[in-house]
Amino acid sequence: MSEQIKVPTMAECMAEGKQPEVLFWVGCAGSFDDRAKKITKAFVKLLNKSNVDFAVLGAEESCTGDPAKRAGNEFLFQMQAVTNIEVLNGYEIKKIVTTCPHCFNTLKNEYPSLGGNYKVVHHTQFLRDLLNEGRLSIEGGQFKGKRITFHDPCYLGRANNVYEAPRDLIRKLDAELVEMKSCKSRGLCCGAGGAQMFKDAEPGNKEVNIERTEQALDTKPEIIAAGCPFCNTMMTDGVKNKEKEGEIAVMDVAELIANAEDL
Amino acid sequence: MEYLPNILFAIALIAGIGYFARNVKKLIRNIKLGRDVDASDNKAQRWRNMARIALGQSKMVRRPIAGLLHVVVYVGFVIINIEVLEIILDGLFGTHRLFLDIIGKQVYGFLIGTFEILAVLVLITVVAFWMRRNVIKLKRFLSAEMKGWPKNDGNIILYFEVVLMCLFLTMNATDVPFQELNSGNVISQFIAPWFEGINENTLHIIERTAWWLHILGILVFLNYLYFSKHLHILLAFPNTYFGNLNPKGQFNNLEAVTKEVKLMMDPNADPFAAPAEGEEDEEPAKFGASDVMDLNRIQLLNAYTCTECGRCTSECPANQTGKKLSPRKIMMDTRDRLEEVGKNIDANNGEFKDDGKQLLNDYITAEELWACTSCNACVEACPVSIDPLSIIMDMRRYLVMEQSAAPMELNNMMTNIENNGAPWPYNQMDRLNWANE
């Protein structure tokens, strides 16, 4: 059992008659995947440290329906969406932050026409806002001068044109941000999107995550930063495949900041 | 007899434009086989996109070498066409260099001089393009779908342009009065000496021949467009106008599904209710797309607009790692199938007769569709706002919702979401366990 973190649920807030400032949508990976849970906790620690009044849905949260929609199952997606929207609207949610670009994209872009209208931000945008508002400060010490390359998640970058928020955060660490040959709007996918995470790849001559990892390794990084739990898994597997896990860490931007803060 | 050239010219012009117009009508009819789609919103933004992306070539220059070469040919094409206007009027009225008297020697010379310089630049560029396809052999021009007609088509267009530019310069070089005018013959004055010693009569015949072949060549080229990838020179404009304005990650929510889902969630809905008045005969909407008629009109316009440059395919993560998927092939297949359906309609007095084929399987296989990561790299790469991903998604929807033909692992994932609200078999009640671990 690690040190105590405060994770209030919406149900508890409701019982106390409080409306938190923001809902943290944890997502399936963030709730169940062992690696992604660490990202979830790192982000919560930052929220706690910045005294952000937030809550999670806990057991009332359910898959946004993203992988079903990308797989072509519009029925299942809309069933999930309508159910989630009922819960969210029931709690009168106005603002949502999420650590998963897939949840971010779906909640932000695909829920409105089904009746779910919220201000949705990715956690890198949220953290940058906290910094700009002076609610969070970063000590760069631990990562000073370290070579960090950022892998753009497709559903954050190309899909929603968010390229700078995660980079701004990495720069604040006094780290040396190095770009891969394909980055930003031309960033190469990690191979997990479009429900590929849940199936084997079609026959080919390489795995997509290996190709992307090679691009990352070309920058000679000490850390590969990611902003998506699925990209994180794919890049971690890629680094292991290249037997570089001893030298190169794959970390979420939230983890970088939480580590810098010694949280 | 005096008017014979004028009459022959008028006939050639009417035939050339008439046949093209007939094919344009066919093209519009084929596009209208697709589902209606509302793109009447944000007119100002749409015009801006057209101006920036099609007219301004903004996405072409993302790849600087190909982009700049393309800009030269594009500017050359657009500007040299001003000269075509004079040629047409000359041909119809039997005049010679009609604009010379109207705008005066100085301005006329400046215009023709500009055209001549552009003609040379276009020639140089076209040679570079030809080298890229046939000598340097860039990978994206050699993919599996580029064998046969698509490969020849690319080269034929280049040869056409060489011939047209050479005819234009020859026509100027052998035009004795124009050379004597000595204004605007910046390039052709160096070609004129090649014809020295030929008597004036023969020279005049060469000039006339070049003039006729040039304008006839343009009319033939105009009619070649419909059968070629080169349609993009016209369709890039409407295509960028109708391009997607939403964030790329936003996939449309199928309305037909929304209706059913709302009904399912409504506790007051009567599951045994008879269809409402007037709705009895309506065929239930098909979910997703298995053939071109299931796609929408913008998607079909996309297919006709594609010029097979292959930037989409070269950016595709699946294609880069050796999978069968090629977004360019998705667009080419869609156009080929649409043309096949169009010909079927022509042959059957305006009715489509089932030919036992469809876009799915006969052109695009499930293996290609399932290799897509939906990363939007192809959409981002397209210089004329084509969206191959939307076709892939619509076809996946058909596979899953009409045929239950998803790969087994995806079925497991979807069953998990249905049963426990996550793509993995974890209990929904355990969603907050991480907080206490």
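Biologist: How many residues does the contact take from chain B and from chain A?

Modeller: Chain B gives 55 residues and chain A gives 57; two residues are in contact if their C-beta atoms, placed from the backbone, lie within 7 Å. This is a predicted model, in which local features need pLDDT of at least 70 and side-chain atom pairs count only at pLDDT 80 or more, while totals for chains, interfaces and linings use all residues. Residues are numbered from 1 along each chain as its sequence is written, and chains are lettered from A and ligands numbered from 1 in the order in which they are written.

Biologist: Which helices of chain B supply at least two residues of the side that touches chain A?

Modeller: Among them are H10 (255-265), H18 (388-402) and H19 (408-420) of chain B. A helix here is a DSSP run of H or I with at least four residues, a strand a run of E with at least two, and both are numbered from the N terminus.

Biologist: How many residues on that side of chain B are nonpolar, polar and charged?

Modeller: The division is 31 nonpolar, 13 polar and 11 charged. Ala, Val, Leu, Ile, Met, Phe, Trp, Tyr, Cys and Pro count as nonpolar, Asp, Glu, Lys and Arg as charged, and the others, Gly among them, as polar.

Biologist: Why does the span of helix H1 of chain B agree with that of a helix at 1.5 Å a residue?

Modeller: The expected span is 1.5 Å times one less than the number of residues. H1(B), residues 4-31, has 28 residues and should therefore span 40 Å; its end C-alpha atoms are 40 Å apart, which agrees.

Biologist: What span does helix H4 of chain B have, and what would a straight helix of 37 residues span?

Modeller: A straight helix of that length would span 54 Å, whereas H4(B), residues 98-134, spans only 41 Å between its end C-alpha atoms. H4(B) also bends by about 125° at Gly104(B), the bend being the angle between axes fitted to the seven residues ending there and the seven starting there.

Biologist: Which residues of H4(B) are called buried?

Modeller: They include Leu100(B), Tyr108(B), Phe115(B) and Glu116(B). A residue is buried if 20 or more other C-beta atoms lie within 10 Å of its own, exposed if 12 or fewer, and partly exposed in between, with C-beta atoms placed from the backbone. The buried residues of H4(B) pack against H3 (64-93), H5 (149-173) and H7 (188-191) of chain B. In H1(B), Phe9(B), Leu27(B), Asn30(B) and Ile31(B) are buried.

Biologist: Why are S6 and S8 of chain A said to stand at the edges?

Modeller: The open sheet has the order S6-S5-S7-S8 in chain A, with parallel pairing. S6(A) and S8(A) each have a single partner strand, so one side of each is left without a neighbour in the sheet. Neighbouring strands are turned by 35° against each other on average, direction ignored.

Biologist: What makes S5(A) and S6(A) a pair?

Modeller: Two strands pair if DSSP finds at least two bridges between them. Three bridges join S5(A), residues 147-150, to S6(A), and Leu177(A) in S6(A) is the bridge partner of Ile148(A).

Key:
Axes fitted to C-alpha atoms, helices over the stretch in contact; angles between N-to-C directions.
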